[in-house]
Structures are given as C-alpha cells and as structure tokens.
Amino acid sequence: MSVHGIGMTSQRARTRMLENLKAQGIADPLVLAAMNAIPRHLFLEESIQQRAYDDTPLPIGQGQTISSPYIVARSCELACRGQMLERVLEIGGGCGYQAAVLSRLAKEVLSLERIAKLIGKARQTLRELRINNVVMKNVDGTFGYQAAAPFDAIVVAAAMPYVPEELKQQLKPGGRLVAPVGAGESQRLIMVEADGEGGFKEQELEAVKFVPLLSGVS
Ligand code: SAH
C-alpha cells in the first residue's frame with residue numbers, strides 16, 4: 001500500500017474510532033481531539049496496523065499490550081478533568097501511544113517504562129511524529145518519580161496490587177491518579193483525587209484487564 005493509501009485508510013478508521021468512543025460515553029472534547037490527532041497505527045508493527053483503530057488491546061512486543069482506544073481515552077478523561085494540564089506522569093509507557101495522547105493534554109509528560117527495548121522504539125515513533133514534550137525514562141515506576149513531582153495527574157497503565165501512598169503523595173492538590181488495581185481477572189479502575197488538605201478521595205470504577213505491574217528494569 002502506498003503511504004498515501006495508509007494515510008487515507010487511517011483517517012477513515014480514526015473517524016470510526018471516534019464515533020465508537022463517543023458511543024461508549026467519552027465526551028471530553030480535548031480527549032476526543034487528542035485521540036483523533038494521534039495516528040495509533042504508527043505505534044504498532046506493520047502486520048497489525050490494519051487493526052489499530054479497532055476497540056481492542058494489541059500486542060506491542062516483549063509480552064506487553066497497548067490498551068484499547070476506549071481504555072486510553074477513559075483514563076485520560078478521568079485524569080484530566082476537562083482541562084489542559086501542566087505536568088502528567090504515566091507509569092507503563094509501552095509503545096508510547098498513551099504518552100502521545102497525553103502530550104496533547106499536558107505541557108509536559110513524563111513516562112516511565114521498565115523495558116528498555118520498548119522505550120527505544122517508543123522514542124523513535126515520538127520523534128518521527130515531532131512530539132517533543134514527552135520524556136521517557138527506563139526505570140521501575142512502581143513508586144512514581146519523586147524528583148519530578150508534583151503532578152497534575154498520574155496515569156498507570158499496568159495493574160497494581162494497591163495504590164502506594166508514595167504515589168498519592170506525588171499529586172498536586174486537586175490532582176488525580178487513575179490506575180488499574182487488583183490481580184488477574186479481578187481488576188478495577190481506581191481513581192484517587194487529592195483533596196488539597198492532605199487527604200484523598202478514592203473511587204472504584206469499572207472492571208478492566210491490564211498487564212501486571214512488575215518490579216525491576218530490563
Ligand atoms: N500506555 C502503554 C501501555 C503499555 S502496557 C501504551 O500506550 O503502549 C503496560 C506497560 O507497563 C508495559 O510496557 C510494561 O513493561 C510496563 N510496566 C510494567 N511494570 C512497570 C513498572 N514497575 N514500571 C514501569 N513500567 C512498567
């Protein structure tokens with residue numbers, strides 16, 4: 001297929017993806033615009049690019065998966081509260097797709113990924129798309145990144161057994177953390193909001209299925 005051909009196909013597919021997202025309840029215009037702007041297929045291997053805009057998770061190598069468009073949009077919508085943010089932390093950067101979406105919703109995105117091979121590829125894709133406000137670091141992100149805290153939002157893309165106190169402490173007042181919590185089949189999306197007085201409001205949302213958070217770097 002010619003480059004032009006892929007471009008046309010992807011724009012049509014992306015429009016369809018947007019319709020699906022709206023039908024599933026995604027309403028934040030900033031999030032919808034970000035999802036429309038980022039070419040999801042360019043973050044995937046060529047052999048699966050034609051499925052990039054289907055509402056499904058897909059493999060990104062190293063036994064990891066990119067979340068479905070709905071889950072990416074939902075996490076961003078919950079984290080961003082309808083506003084443009086200053087600084088966002090992502091834990092589990094993978095292929096860089098969600099970081100690219102977040103790059104349209106915040107001035108700075110810090111994305112932590114424990115697998116070096118995934119970072120190499122992700123950085124290359126982000127560079128090709130001229131996305132300059134995402135920094136990816138090859139570290140274990142379990143406890144966030146204190147040196148760059150506080151964050152307006154923290155988005156976790158791998159299932160945690162619980163939300164560590166250290167992570168909550170890295171939120172700005174009013175800031176939100178969105179994370180899949182639980183093991184195996186019994187994960188739920190959790191949203192934590194810092195109330196600005198040192199306390200946290202926690203809400204349990206829908207059932208989800210993410211790859212597990214692992215410790216260490218490889
Ligand atoms: N947001 C990613 C989704 C990647 S899947 C995307 O858009 O592609 C989750 C990722 O979390 C995997 O790449 C996995 O390697 C990473 N991960 C798991 N445990 C981690 C940890 N402790 N620190 C940083 N990254 C981790």
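Guide: What follows is a conversation about the core, the ligand, a helix and some backbone angles.

Visitor: Before we start, what am I looking at?
Guide: This is a predicted model, where local features need pLDDT of at least 70 and side-chain atom pairs count only at pLDDT 80 or more, while totals for chains, interfaces and linings use all residues. Residues are numbered from 1 along each chain as its sequence is written, and side-chain values use heavy atoms, with hydrogens and water left out.

Visitor: Okay, how many residues does the largest nonpolar core have?
Guide: It has 54 residues, and those with the most contacts inside it are Leu21, Met35, Tyr97, Val101 and Leu105. A nonpolar core is a set of buried Ala, Val, Leu, Ile, Met, Phe, Trp, Tyr and Cys residues joined through side-chain atoms within 4.5 Å; buried means under 20% relative accessible area, exposed over 50%, and partly exposed in between, using a 1.4 Å probe and protein chains only.

Visitor: Which helix gives the largest share of this core?
Guide: Helix α3, residues 69-80, gives the largest share, with eight residues. Helices (H or I, at least four residues) and strands (E, at least two) are DSSP runs, numbered from the N terminus.

Visitor: And what does Tyr97 touch?
Guide: Leaving out residues up to four places away in sequence, Tyr97 touches Met17, Met35, Ile38, Arg40, Phe43, Ile66 and Val72, where contact means heavy atoms within 4.5 Å. There is also a second, separate core of 19 residues, which includes Ile154, Val163, Leu167 and Val181.

Visitor: Switching to the ligand, which residues are closest?
Guide: Of the 26 residues that surround the ligand, the closest are Glu90, Glu113, Asp140, Gly141 and Leu214; a residue is near a molecule or strand if one of its heavy atoms lies within 4 Å of it.

Visitor: Which atoms are involved at Glu90 and Leu214?
Guide: One nitrogen atom of the ligand is 2.9 Å from an N or O atom in the side chain of Glu90, and a nitrogen atom of the ligand is 2.6 Å from a polar backbone atom of Leu214.

Visitor: What about Leu118, buried or exposed?
Guide: Leu118, which is found in helix α5, residues 116-128, counts as buried at 6% relative accessibility. Among the residues it touches, not counting those up to four places away in sequence, are Ile60, Gly94 and Glu113.

Visitor: Where is Gln62, and what is its phi?
Guide: Gln62 sits in the loop between β1 (58-61) and β2 (64-66), and its phi is near 55°, a positive value in a residue other than glycine. Arg81, in the loop between α3 and β3 (85-91), also has a positive phi of about 55° although it is not a glycine.

Methods. A polar contact is a pair of N or O atoms within 3.5 Å; within protein, one must be able to donate a hydrogen and the other to accept it, and residues adjacent in sequence count only if both atoms are side-chain atoms.
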